[in-house]
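Let's take a walk through this structure together, one contact surface at a time. Please have your viewer ready.

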Amino acid sequence: MENPPLRPSTYQVLEQHGVDRRSFIKFCTAMAAALGLDATMVPQIVEALENKPRIPVIWLHGLECTCCSESFIRSSHPIAQDIILNMISLDYDDTLQAAAGFQVEDIRKRIMKEYPGEYLLAVEGNAPTKDGGVYCTVGGETFLSILEETAEKAKAIIAWGSCASNGCVQAAKPNPTGAKPIHALLPHKTIINVPGCPPIAEVMTGVLTYILTFGQLPELDRIGRPKMFYGQRLHDKCYRRPFFDAGQFVEAWDDEGARKGWCLYKMGCRGPSTYNSCSTFKWNNGVSWPIGSGHGCIGCAENNFWDNGPFYQRLSGIPVPGIDSTPDEVGATLAGAAVIGVGAHFVSSVVRRFGQKPAQPTPDSGDKGRGDV
Amino acid sequence: MTTRVVVDPVTRIEGHLRIEAMLDDRNVIHDAISSGTMWRGLEVILQGRDPRDAWAFAERICGVCTTVHALASVRSVENALGIQVPPNADIIRNIMFLTQMVQDHVIHFYHLHALDWVDVVSALKADPAATAALAQKVSPSWPYASTGYFRDIAGTLKKFADSGQLGIFQNAYWGHPAYKLPAEANLMAVAHYLEALKWQKEIVKIHTIFGGKNPHPNYIVGGMASAISMQGDNAINMERLNYVRGLIQDATNIVENLYIPDLLAVASFYPEWTQIGGGLGSYMVYGDIPQNGIGDPSRFRFPRGVVLHKNLSEVLPLDLADSGQITEEVAHSWYEYPEGKKALHPWDGVTQARYNGPKPPYKQLDENGGYSWLKSPRWKGNAVEVGPLARMLVGYASGNTEFKDVVGEALGALKLPATALFSTLGRTAARGLETRLAVRWLMQEYEHLITNLKAGDSATADTSRWDPSTWPAEAKGFGFTEAPRGALGHWLHIKDQKIANYQIVVPSTWNASPKDGQGQRGAYEAALLDTPMADPKRPVEILRTIHSFDPCLACASHVLGPDGRKLSEVIIR
Ligand code: SF4
């Protein structure tokens, strides 16, 4: 017989909470749906949550604005309470921690000692590297040294948000503190990047529950993002796309087109060059999303998005119906069989413009970051 | 003999803050320093950018008080370019502002501050039936107060504790003699911690409706991007407005039937904290929630003004554009000013980062040298406190009946004199009282929007100056707001259609600032003086007072860079 787990599993905890088996299965089904998995995966989730002890999580905060934590607690499925009480053991997180000062640093050191290779490291924010790291210290130590120390024995590392994934605002030109994303500081570690300023709440909790459920990282694209949430270009799933194709654009704020919900391309929308789940999941439990509320996408999940501005200047290099071709030509194209060709052309133009491949599967990308957790 | 208590990190705040308190031999604090230990350099990054983009950068100063920097930023550009936004844009901004304030204050009370007063471990001993009786007495209109409900919560808590994995609750100060609530009140508070956690994700949907997402909704210079079309299904319409209305109603329920009753119940057990943590006794408010455009402070719901030295019979006028009023100093900051300059108005501000603190890892800072990444802003040379208490006191001292009524009601319920407000508990209570005003005003602003729509006005943006070719070669402006944590100002200089200089003076910088050249302490430092500590190793008392300000350090620590100057210089001692 196998040794019993040292710590209770998620299901054991739920059971102790008086959650019956039926509700538990229902919860697992809802989670599968949230993760976009089909029903055949439910037993696997049930299995995982029944048998796995809650994984210790150390959540570090560097140079940041804390919007990622705020987004995380907005998650609707699962809700933050379920995650904190039932799914993980959030042992260190200075934003929510009851203890302070040396007591909280002791916790971090204890977890690292007691659970080497077992704890999950979540990093929000990034580290300044200039001048010996003095631009961010915690407990008298540089954040950089804390990050390196804590990463060493982590089972897996999640980089929350654009700060940790790609540097974000403090790394924008001229990057006064030498702020660097986590992957640049921990070159030998596999890091799962969850960019966005902030990332969508359910993307964050979706990534976390995927790892807990399947015991491995999700499939990552070549820049370390989970394909399941960052594989879609906003522009391809945007509900305003028919207006783009028809050459109907918002030309000024609050004009007739704005009131009719036309395409925001001419107002600088970055949808054509941004990969994220906004057009599918939307924000705050599906209530709306930037484009849905009349402002173009600013591309907050993309590398260097702060320096790809100004935000209200339209993306160049994209043939736009009504500008680079007449609406009639666009109409003819749409009526013909070449719609897919047009889409592909747009993609390749954007790729040329940004020197960045769309997150299509590449021969090597599929396996990057795969590994048991 | 002096004992030095170091609290770093101060948790349950935004950003990175360090407190060092000096205790005398009776364990009473006789000196304290407050140190911001992070710096991101956002003003440097803003230079040379398109002023219409600035709001997005500035908004990322803080994701906890998201929106406030965006609002101050668009206002600063509009002020510089002479843009007057349409009335609906002001109303929608007011709705977003108030939404932020309500959400932020409720989260602060339950998730950042409550654990200073509520002993989670003591809640394990509570009797569910007695807790239900207490809850029904504290708030008769709050629906979840049955014995079964509290038995479930107690069960959740017990099993969580039994699991041995205490997560964010481990290693804290449970059982500390400063905790005074009976077990049942602790259990009730734990239940409401979870209720508030569930609710906070709902109210922010107002931001999502008007701004597309939360955190970090979208703004534009000239108004709001969310157009209104009552005849269409692709803009703000009746369905969206009804959604907003429902969320405001729910928020009102949470504030009136959960937050305020809990606040008063907890406060009634800690009367000694009306004598501790008063601090500076001087308060400053820029004012906000315009009823006749941002250019008319006489019609702000939050009145503008300064109260000095607890003198509630006089509210002094304030001018953000007057170079003699708001200045920043760097006597104990890790920055350097040009020779001969001691204090500078933000429009003339120059800053050069110059770290001369100890080389990390370090054990303690030097209170006689530089010790913080925060500067010391002062009003006419005075150290002042900003935030909810300042707003309530300036409103009260202005003779505004709305303010007088809510303050009077709370003081009456607690049987306390008005002087009790000058304290740690007064600060915490003021935050709750202004939240009552905020939910009330939210519905009024909503009704105001409907009235305008009925009158046929659905404009949300003025785009006459959107195109940079319409701008003057040079322009200066300032924008401000009353962020949840207090007075926030952005000062901007536009040259040749680009940002030439951008400077931000943030609420937590006023409050968490180090000593200035005259030796005047900042608000945190002053508020910690004379606080008795029961156990210097378990600094509950320090956390109570610091948390009563709701620190936000990502906001507070920033720098402005002059054109062409060296950005930073580091001297490690
Ligand atoms: S440009 Fe933007 S608004 Fe227009 S279709 Fe593409 S993503 Fe949607």
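Within chain A of this predicted model, 22 residues of domain 1 are in contact with 16 residues of domain 2. The domain assignment places domain 1 of chain A at 10–230 and domain 2 of chain A at 233–349. Together these two domains bury about 1,600 Å² between them, and carbon and sulfur atoms give 57% of that area. On the side of domain 1, look for N166(A), I200(A) and Y230(A): they supply 31% of the area this domain buries against domain 2, more than any other three residues.

As for secondary structure, the elements giving two or more residues to the domain 1 side are α8 (161–166), α10 (201–214) and α11 (227–230) of chain A.

Now zoom out to the two chains. Here 94 residues of chain B are in contact with 86 residues of chain A. The area buried between chain B and chain A is about 7,900 Å², with 59% of it on carbon and sulfur atoms. Within chain B, the residues that lose the most area to chain A are Q165(B), I168(B) and N234(B), which together account for 10% of what that side buries.

How many salt bridges are counted between chain B and chain A? The count is one. To see a salt bridge between side chains, pick R49(B) and D307(A), with an N to O distance of 2.9 Å. Polar contacts between chain B and chain A number 49 residue pairs, again with both residues at pLDDT 80 or more. Several elements of chain B each supply at least two residues to the side that touches chain A, including α4 (87–113), α7 (183–203), α9 (238–268) and β16 (568–570).

Finally, turn to the nonpolar interior. In soluble globular proteins, nonpolar side chains tend to be buried together. The largest nonpolar core here has 226 residues, and F210(B) and I542(B) touch the most other members. Setting aside neighbours within four places in sequence, I542(B) is in contact with V5(B), V7(B), I19(B), A21(B), I29(B), L528(B) and M533(B). Apart from this core lies another, of 30 residues, and among them are V104(A), A127(A), L144(A) and I146(A).

Methods:
Residues are numbered from 1 along each chain as its sequence is written. Chains are lettered from A and ligands numbered from 1 in the order in which they are written. This is a predicted model: local features need pLDDT of at least 70, side-chain atom pairs count only at pLDDT 80 or more; totals for chains, interfaces and linings use all residues. Side-chain values use heavy atoms; hydrogens and water are left out. A nonpolar core is a set of buried Ala, Val, Leu, Ile, Met, Phe, Trp, Tyr and Cys residues joined through side-chain atoms within 4.5 Å. Buried means under 20% relative accessible area, exposed over 50%, partly exposed in between (1.4 Å probe, protein chains only). Contact means heavy atoms within 4.5 Å. Domain bounds come from an automatic or database domain assignment. Buried area is the accessible area (1.4 Å probe) that two parts lose on being put together, summed over both. Helices (H or I, at least four residues) and strands (E, at least two) are DSSP runs, numbered from the N terminus. A salt bridge is a side-chain nitrogen of Lys or Arg within 4 Å of a carboxyl oxygen of Asp or Glu. A polar contact is a pair of N or O atoms within 3.5 Å; within protein, one must be able to donate a hydrogen and the other to accept it, and residues adjacent in sequence count only if both atoms are side-chain atoms.
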